[in-house]
Amino acid sequence: MEVFQLSTIVDASGHLHLDIPTQLAPGQVNIVVVLNPVASDSTQKSNYDFSDLAGKLVWEGDALAMQRVLRDEW
């Protein structure tokens, strides 16, 4: 049994092509493939500041007291 680890590219049609030279004799073999996508730096999520997309609420007062008032209305 031989274990190989290599990096390759999946083409635009979604096909993975492997060309692996071995020291094995001609004949039938069993193959196990584990696909582990490589995360590139460009696809990682960055911490984005959403403050320019939404307004900000300026609260002056006691938030807990206001919450109690609202709760008592129900």
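**View 1. The lining of the largest pocket.** The largest pocket has 25 lining residues, and F4, L18, I20, V32 and V33 are the ones nearest its centre. A pocket is an open set of points on a 1 Å grid over the protein atoms alone, where a 1.4 Å probe fits, with protein on both sides within 12 Å along at least five of seven lines; a lining residue has an atom within 4 Å of a point. This is a predicted model: local features need pLDDT of at least 70, side-chain atom pairs count only at pLDDT 80 or more, and totals for chains, interfaces and linings use all residues. Residues are numbered from 1 along each chain as its sequence is written, and side-chain values use heavy atoms, with hydrogens and water left out. The volume of the largest pocket is about 1,100 Å³, taken as the space filled by probe spheres set on the grid points, which are joined across faces, edges and corners.

**View 2. Residue T22 in the segment before helix 1.** T22 belongs to the segment before helix 1. Is T22 buried, exposed or partly exposed? T22 is partly exposed because its relative accessibility is 36%, and the class partly exposed lies between buried (under 20% relative accessible area) and exposed (over 50%), with a 1.4 Å probe and protein chains only. Between the C-alpha atoms of T22 and F4 there are 9.8 Å, while the two residues are 18 apart along the chain.

**View 3. Residue I31 in the segment before helix 1 (63-73).** I31 lies in the segment before helix 1 (63-73); helices are DSSP runs (H or I, at least four residues), numbered from the N terminus. I31 counts as exposed because its relative accessible area is 68%.

**View 4. The whole protein.** Of its 74 residues, 0% are buried.

Notes:
Helices (H or I, at least four residues) and strands (E, at least two) are DSSP runs, numbered from the N terminus.
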